[in-house]
Amino acid sequence: MSVSKTKHKMPEQDPKERIKNFKEVPYGYSPEVAVEEAKRCLQCKDKPCMRGCPVEIDIPGFIKLIRQGEFEKAYELIKEKNNLPAISGRVCPYENQCEGECTLKKIGEPVGIGRLERFVADHHRNKDKKTKPKTMEHDKGRVAIVGSGPAGLTCAGDLARMGYNVTVFEALHEPGGVLMYGIPEFRLPKEIVRSEVEYIRNLGVDIKCDVVVGKTITVDELLNEYDAVFIGTGAGLPNWLDIPGENLDGVYSANEFLTRVNLMKAYNFPDYDTPIKIGEIVATFGAGNVAMDCARTALRLGAKKSYIIYRRTEAEMPARAEEIHHAKEEGVIFKLLANPVRFIGDDQGHIKEVEYIKMKLGEPDESGRRRPVPIPGSEERIRIDTALIAIGQSPNPLIPKTVKGLKTGKHGNIITDEDGRTSIPGLFAGGDIATGAATVILAMGAGKRAARAIDAYIKSKKLKK
Amino acid sequence: MYRIVEKKTLSESVKLMKIHAPLIASKAQPGQFIILRIDEKGERIPLTIADYDKREGTVTIIFLEVGKTTKQLGGLKEGDSLLNFVGPLGVPSEIKKYGNVICIGGGVGIAPLYPIVKALKKEGNYVITILGAKTEKLLILEKEIGEYSDELYITTDDGSKGHKGFVTDILKELLEKRNKEINMVMAIGPIIMMKKTSDLTRGYNIKTLVSLNPIMIDGTGMCGGCRVVVDNEVKFACVDGPEFDGHKVDYENLMLRNRRFIHEEEEACRLKGVTP
């Protein structure tokens, strides 16, 4: 039997249409296409794909079930390991994870594992009758989780299923963390985040919003009240370019821009109260996934021109190939080898221009990428109405600053071992707060490992008593 | 949901509300603020805490009805609820024995000044308070703050009560006569008032604290919308402030950034049928 060398495509909204709305770009597989794609899987005995999965999903197992048309069973199998498949099935960089290890890569494209995961999760969600998770006792101990992003939700879900009584504290008014405030609707519909959060709640997890740990309640108080505490507060501190004019009106951090649009729904202003204004020409600085999200969001808000301005070349861009591809399709203009030098404002203090200097690639730097060096005298200016700074985030300092004796790294990250243990007994951490800004799936993996470490910690503590 | 247990109209457009929020009340300290959201479609707005009662479990907010959200808030009644109420946020005021302090409150900035005056007095300071308002009708908390002030001066722009003019007129006089005995000045009010206060005290090298009120969203240091320039460094008012060294604040930048959404605010007011 010959195997098709390419993945089955997911149908997508036409780029010309989709830049006028915030609806999701790909539609997902139909059951028929999913079965066909599942048939491409070679069911390798050594399961190389699983080596690439931070949350340990039995990938050949669930693909086999899809092939047999057992979509619900496939869902159950994924859920054994992954609490949030509809989310990871959309935003996980599979090409570097499971699909990066797929045997089919030797002859062509890997199996569309991410697309299949998404299909299974969506198929389950769209069913009329949903199986509620089995109710169970939560008497093994009490655990507090700080932050309801991917790390926190995963840790909470796993612990609840082990029989722990889990409370999640969220600073914002809605659970989900970066899934809610950061990733745009057209890439991860908020309805899907809500339904995955609902699943975690149905496992018996109590989620309390409007609680800023470190302010409303301290970590020390939580440590007194609970058997263990997990911190998953993410990388919520925006990095700046540190160039003149960055405080002008019209310059936003990616976090502010995306929070206004995603969490506060500024695209529905004035029906929703939170405003955003972007003018006609928007420039996003940076070239990671967040930068692509910004540039594409700007188009949907009505920008006539949306630039990505980046000091290296496309080869060095940290964004996923799929995001870059979508951005290009939608008409985002890439100004590469250009490094911003300063922002220039009008007499009202509003940004009107950016000055950048052209770059060329020199010798490789410590990251292995060729270092961009400025070409003297090559400064240019372009008119812009809005600048979005998307050059990365650092760990949010609120908790590290308020816990005495907690060891932190030079970027303000909480130092942990492989399983999330911090320098304080009973206190665990994982996700971006420990690693610095990374991906949703790595945060989920960290939450999962920490849940096991917390289980072991509480068990041994209870034995000693 | 956070219930409005008490509502008072302090003046035509200034309202006081006690909100049931026991967890926040138990932690609140002078100088801190809360962020609230009225309903599902609402924006998040920061308001400085005007008082708190740990026993009752209430937090008091006082606000001027100035934009769409504060006007809508002012229309709510006792027994109504707010969808979100989060805090206490920001770094508390440094309350200690300074000696002789001047506390200046302008307009609705008098509200957050109240717990600070109270705490400074209880700490054993000699508290000189200057309160300013546009007109007598808009003057709030005179009696309450008066109770904890050793000296109290009132100014109104129109002369309807106290000195006709600005708080800085009184401050200037006090500093000319008694600058050597003043150890600290605290000013909360319109940006221009805080700027002028800081300009005056700079000459005498008197420590001056101001409380800044930039536009905020999350209040946890995540978005940087509230960034202010202090001593040529970018600070986030929500987590590094809201109080800063008044001599080092870039007030021009703050004024500019606070005007960011002025047109949208007007539009929202117009469309929602509230007069801006």
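Hi everyone. A quick word on labels before I start: helices, of at least four residues, and strands, of at least two, are DSSP runs numbered from the N terminus. Also, please keep in mind that what you see here is a predicted model.

Let me begin with chain B, and with the place where those labels come in handy. Between helix H7, residues 237–240, and strand E16, residues 243–245, of chain B there is a loop, and B:Pro242 sits in that loop.

Stepping back, chain B has two domains: domain 1 covers 2–89 and domain 2 covers 100–258. Their centres, taken over C-alpha atoms, are 21 Å apart. Domain 1 of chain B brings 18 residues to the contact, and domain 2 of chain B brings 21 residues. Together these two domains bury about 1,600 Å² between them, with 68% of that area coming from carbon and sulfur atoms.

Now, on to how the chains meet. The contact involves 47 residues of chain B and 43 residues of chain A. The area buried between chain B and chain A is about 3,800 Å², and carbon and sulfur atoms account for 54% of it. The rule finds four salt bridges across this interface. A salt bridge joins B:Arg260 to A:Glu256, where the closest N and O atoms are 3.1 Å apart. Over all chains, the structure holds 66 salt bridges.

One of the pairs within chain A is A:Glu280 with A:Lys304, with the closest N and O atoms 3.2 Å apart. This pair links distant parts of the chain, 24 residues apart. A:Glu280 is in the loop between helix H13 (254–263) and strand E7 (281–285) of chain A, while A:Lys304 is in the loop between helix H14 (289–300) and strand E8 (305–310) of chain A. The loop between H13 and E7 of chain A also holds A:Pro270. A:Phe269 and A:Pro270 are joined by a cis peptide bond, with omega about 5°.

Let's stay in chain A and look at some helix packing. Helix H4, residues 59–67, packs against H5 at an angle of about 170°, with axes 7 Å apart. Angles over 145 degrees count as roughly antiparallel, and H4(A) and H5(A) are therefore roughly antiparallel to each other. From H4(A) come A:Gly61, A:Phe62, A:Leu65 and A:Ile66, and from H5(A) come A:Phe71, A:Lys73, A:Ala74, A:Leu77 and A:Ile78. By type, the residues of this contact are seven nonpolar, one polar and one charged.

H5 of chain A, residues 71–79, has another partner in H8 of chain A, residues 113–125: their axes come within 9 Å and cross at roughly 110°. H5(A) and H8(A) are therefore roughly perpendicular to each other. Here H5(A) contributes A:Phe71, A:Glu72, A:Ala74, A:Tyr75 and A:Ile78. On the H8(A) side we find A:Glu117, A:Phe119, A:Val120, A:Ala121, A:His123 and A:His124. The contact of H5(A) with H8(A) has seven nonpolar, two polar and two charged residues.

One last stop, if you'll bear with me. Which residue other than glycine has a positive phi near 65°? That is A:Glu56, and you can find A:Glu56 in the loop between helix H3 (48–51) and H4 of chain A.

How values were computed:
Residues are numbered from 1 along each chain as its sequence is written. Chains are lettered from A and ligands numbered from 1 in the order in which they are written. This is a predicted model: local features need pLDDT of at least 70, side-chain atom pairs count only at pLDDT 80 or more; totals for chains, interfaces and linings use all residues. Side-chain values use heavy atoms; hydrogens and water are left out. Axes are lines fitted to C-alpha atoms, for helices over the stretch in contact, and angles run from 0 to 180 degrees between N-to-C directions. Angles under 35 degrees count as roughly parallel, over 145 as roughly antiparallel, 65 to 115 as roughly perpendicular and the rest as oblique. Contact means heavy atoms within 4.5 Å. Ala, Val, Leu, Ile, Met, Phe, Trp, Tyr, Cys and Pro count as nonpolar, Asp, Glu, Lys and Arg as charged, and the others, Gly among them, as polar. Domain bounds come from an automatic or database domain assignment. Buried area is the accessible area (1.4 Å probe) that two parts lose on being put together, summed over both. A salt bridge is a side-chain nitrogen of Lys or Arg within 4 Å of a carboxyl oxygen of Asp or Glu.
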